Amino acid sequence: MARHQQQPWATRTARDRSDAPARGRLLDAAEAVFARRGYGATTIADITAEAEVSRAGFYVYFASKEEIFRVLAARVRDAFLAAQDVPGVDLDDAREVAGASTAAFIAAYAQHLPLLRLLEQQAQNDEDVRALWEETQERPIHRSARYIRRLAAEGRARPVADPLAVARAVGGMSIQFARLTAADPDAYDAAVRDVTAMFLHLLGVDPQGGPQGGPQGGPQR
């Protein structure tokens, strides 16, 4: 009887440990297998073999292939939001923020590109994946737009268009250059440099100083 009472508790506790090494291996393995085989052809056996985790171990953390795919989708969304946090950067310098966030975004997009393509496909048929896909697309853009509005309100930038339009333009450029980087990793540094320069131009921030008639930089959102 005591064993019967303990097992559900143990399972819930393990599932709640989002930083458990086995869970992380399963997620990394799932992303690799989904990218290699596609969504339909991937099986739980493929994922557990890649992760070197037992099938029973899989079910400690995930109920199904569909669930681990949705968790991966959320992880990708969070990676793009984290790309805007730019730790260790002077948040009062818009140039540093633009450079660091562009570098992080391009790196994240290039790294997850195969999964992103699958997410877009699965979003057509799965409402939960569609919601995560839309968040992945829209939340970073709206967060960036809020940051641009704050810069403009403080006189630290003079965006050439509506902040939301600027944010969408920068996001689109970043995606295109990330795709080039995924195909040719040696293009990464040039991609970051060029997108950052265009970002600053759209912000109305001089790459060598502040905006015309205004102080340098701006705080992070």
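At what angle do the axes of helix α6 and helix α7 cross, and within what distance do they come? In this predicted model, the axes of α6 (residues 94-122) and α7 (residues 127-153) cross at roughly 165° and come within 11 Å. An angle over 145 degrees counts as roughly antiparallel, so α6 is roughly antiparallel to α7. The crossing of the two helices is left-handed. On the α6 side, the meeting residues are Ala94, Val97, Leu116, Leu119, Glu120 and Gln122. On the α7 side, they are Val129, Trp133, Thr136, Tyr147 and Leu151.

Thr136 deserves a separate description. This residue is placed in helix α7. Its relative accessibility is 5%, so Thr136 counts as buried. Neighbours within four places in sequence aside, Thr136 is in contact with Ala73, Val76, Arg77, Phe80 and Leu116. Of these, Leu116 is also among the α6 residues that meet α7.

The chain as a whole can now be described. Its secondary structure comprises nine helices and zero strands. Read from the N terminus, the order of elements is α-α-α-α-α-α-α-α-α. The chain has 221 residues, and 45% of them are buried. Among contacts with a separation of 6 or more, 70% join residues 24 or more positions apart. The accessible surface of the chain is about 11,500 Å². Carbon and sulfur atoms account for 50% of that surface.

Helix α8 spans residues 163-183, and helix α9 spans residues 188-203. Two packed helices are described by the angle between their axes and the distance between the axes. For α8 and α9, the angle is about 170° and the axes are 10 Å apart. This makes α8 roughly antiparallel to α9. From α8, the contact draws on Val166, Ala169, Val170, Met173, Ser174, Phe177 and Thr181. From α9, the contributing residues are Tyr188, Ala191, Asp194, Val195, Met198, Phe199 and Leu202.

Helix α2 covers residues 21-37, with 17 residues in total. From its first C-alpha to its last, α2 reaches 24 Å. This is close to the 24 Å expected at 1.5 Å a residue. The buried residues of α2 are Ala22, Arg23, Leu26, Leu27, Ala29, Ala30, Glu31, Val33 and Phe34. The list includes the charged residues Arg23 and Glu31. Gly38 follows α2 and has a positive phi, near 90°.

A positive phi also occurs at a residue other than glycine. Most residues other than glycine have a negative phi. Glu52, however, has a phi near 60°. This residue is found in the loop between α3 (44-51) and α4 (55-61). At 70% relative accessibility, Glu52 counts as exposed, since the cut-off for that class is over 50%.

Ala82 belongs to helix α5, which runs over residues 65-82. Its relative accessibility is 41%, so Ala82 counts as partly exposed. Ala82 and Ala104 are 22 residues apart along the chain, and their C-alpha atoms are separated by 8.4 Å.

Notes. Residues are numbered from 1 along each chain as its sequence is written. This is a predicted model: local features need pLDDT of at least 70, side-chain atom pairs count only at pLDDT 80 or more; totals for chains, interfaces and linings use all residues. Side-chain values use heavy atoms; hydrogens and water are left out. Helices (H or I, at least four residues) and strands (E, at least two) are DSSP runs, numbered from the N terminus. Buried means under 20% relative accessible area, exposed over 50%, partly exposed in between (1.4 Å probe, protein chains only). Contact means heavy atoms within 4.5 Å. Accessible areas come from the Shrake-Rupley method with a 1.4 Å probe; for residues, only the protein chains shown count as cover. The expected span of a helix is 1.5 Å times one less than its number of residues. Axes are lines fitted to C-alpha atoms, for helices over the stretch in contact, and angles run from 0 to 180 degrees between N-to-C directions. Angles under 35 degrees count as roughly parallel, over 145 as roughly antiparallel, 65 to 115 as roughly perpendicular and the rest as oblique. A crossing is left-handed if the near helix is turned anticlockwise from the far one by less than a right angle, and right-handed if clockwise.
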